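Biologist: I am new to this structure. Could you take me through it in short steps?

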Amino acid sequence: RVFSEVPMYSHYPFKPMSLPYDFGALEPCLCRQTISVHYNCHYLKYVEKLNDALKGYPNYWSESLFCLLSQPEKIPSDVRTAVVNNGGGVLNHQFYFNSMTPCRREIPENLRRKLEKSFVSVEKFEKCFIDAGMSVFGSGYAALVADKSGRLKIITFPKQDTSYLSDCIPLVVCDVWEHAYYLQFHSDREAYLCAFVKLINWKWAAEQLSQTR
């Protein structure tokens, strides 16, 4: 699988991804302050805490983040929660940042056909995606994913869960924690989701879809 800069198979010490755009590049949909605070104050903290959790456990330094998260029972119990929560925060945020682009392009034809097969039209997909994001109680994510055969569906998951990776490849991931939108949209999550769907990086999504069979 190829997940752009997402460190599925990288090892300790984990390094933060570089944003593929400037902090202000997503305006007016998402403002500079929102992206800057999200990246610098939330995402980087997950990377820092993940490395802190593992620094005293050299036996696990050669394990990829995917292996750690897919076999949490093998992580020492005293740091398991920290590794799972912060590791999930690293992966989910990197899927999220890669899911957006300031350069809106046409949806690649293969992906468009799959969207239309699953949701009738791109417009109906967007409505279903917004509805899914609105349905998340508290903190979590909405995501367009492909199963191993390439079939598309929308899922939601709480907090920094990554259990969906066992059988799905994320194509579009939207963070609906309040820190993702509160500075700009306050409590209006729906307005944020409507802005998000205008930023979807369909090129990146199609690249992830190409890893299915």
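**Helices and sheet**

Biologist: Which residues of H1 are buried?
Modeller: This is a predicted model: local features need pLDDT of at least 70, side-chain atom pairs count only at pLDDT 80 or more, and totals for chains, interfaces and linings use all residues. Residues are numbered from 1 along each chain as its sequence is written, and side-chain values use heavy atoms, without hydrogens and water. Helices (H or I, at least four residues) and strands (E, at least two) are DSSP runs numbered from the N terminus; buried means under 20% relative accessible area, exposed over 50%, partly exposed in between (1.4 Å probe, protein chains only). In H1 the buried residues are Thr 34, Ile 35, His 38, Tyr 39, Tyr 43, Tyr 46, Val 47, Leu 50, Asn 51, Ala 53 and Leu 54.

Biologist: On which residue is the kink in H1 centred?
Modeller: A bend is the angle between axes fitted to the seven residues ending at a residue and the seven starting there. In H1 the kink is about 30°.

Biologist: How far apart are the end C-alpha atoms of helix H1?
Modeller: The expected span is 1.5 Å times one less than the number of residues. H1 has 23 residues (32-54), so it should span 33 Å. The model agrees, with the ends 32 Å apart.

Biologist: In what order do the three strands lie in the sheet?
Modeller: Strands pair if DSSP finds at least two bridges between them. Seven bridges join S1 (residues 140-147) to S3, and seven join S1 to S2. S2 and S3 each have a single partner strand, so they stand at the edges. The sheet is open, its pairing is antiparallel, and the order is S2-S1-S3.

Biologist: How many of the eight residues of S3 are buried?
Modeller: S3 is an edge strand of the sheet. Yet S3 is largely enclosed by the rest of the structure, because its buried residues number eight of the eight.

Biologist: At what angle do the axes of H4 and H8 cross?
Modeller: Axes are lines fitted to C-alpha atoms, for helices over the stretch in contact (heavy atoms within 4.5 Å), and angles run from 0 to 180 degrees between N-to-C directions. The axes of H4 and H8 come within 9 Å and cross at roughly 85°. That makes H4 roughly perpendicular to H8 (65 to 115 degrees; under 35 is roughly parallel, over 145 roughly antiparallel, the rest oblique). The contact involves Asn 110, Leu 111, Lys 114 and Leu 115 of H4 and Trp 202, Ala 205, Ala 206 and Leu 209 of H8, and the crossing angle is roughly 85°.
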